[in-house]
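Please look at the sequence and the model before reading the points below.

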Amino acid sequence: SLVKSYVPKGVGLGTGILLAVHSGGAAIGSSAGGILFEDQGNYELAILLCIVLCFAAAVMLFFARTEHK
């Protein structure tokens, strides 16, 4: 089929996992932001936590190994 000839094997599974994890993170992140706002009265802690998590993700990505063919 046309899709099989242009799309590498495993792309659908990878996309599905990516979207599932992204959706779960969006649900948890928005809920956590709301809870922190209700508790603290502002978004400072939520933004700080977001900055720390983004920096940690960037560091982990920097050390991720890739397979070169």
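The chain exposes about 6,400 Å², of which carbon and sulfur atoms supply 72%; accessible areas come from the Shrake-Rupley method with a 1.4 Å probe, and for residues only the protein chains shown count as cover. The model is predicted: local features need pLDDT of at least 70 and side-chain atom pairs count only at pLDDT 80 or more, while totals for chains, interfaces and linings use all residues. Residues are numbered from 1 along each chain as its sequence is written, and side-chain values use heavy atoms, with hydrogens and water left out.

**Overall form**
- The chain has three helices and zero strands, where helices (H or I, at least four residues) and strands (E, at least two) are DSSP runs numbered from the N terminus.
- The C-alpha atoms fill a box of roughly 55 × 30 × 10 Å along the principal axes.
- Of the 69 residues, 4% count as buried (buried is under 20% relative accessible area, exposed over 50%, partly exposed in between, with a 1.4 Å probe and protein chains only).

**Aromatic pairs**
- There are two aromatic pairs: rings of Phe, Tyr and Trp (its six-membered ring) pair if their centres lie within 6.5 Å, and planes under 30 degrees apart are stacked, over 60 edge-to-face and the rest tilted.
- F37 and Y43 are stacked, at 4.5 Å centre to centre with 25 degrees between the planes.
- F62 and F63 form an edge-to-face pair, with 5.2 Å between centres and 80 degrees between planes.

**Exposure**
- F37 is partly exposed, at a relative accessible area of 30%, and Y43 is partly exposed at 45%.
- Both F62 and F63 are exposed.
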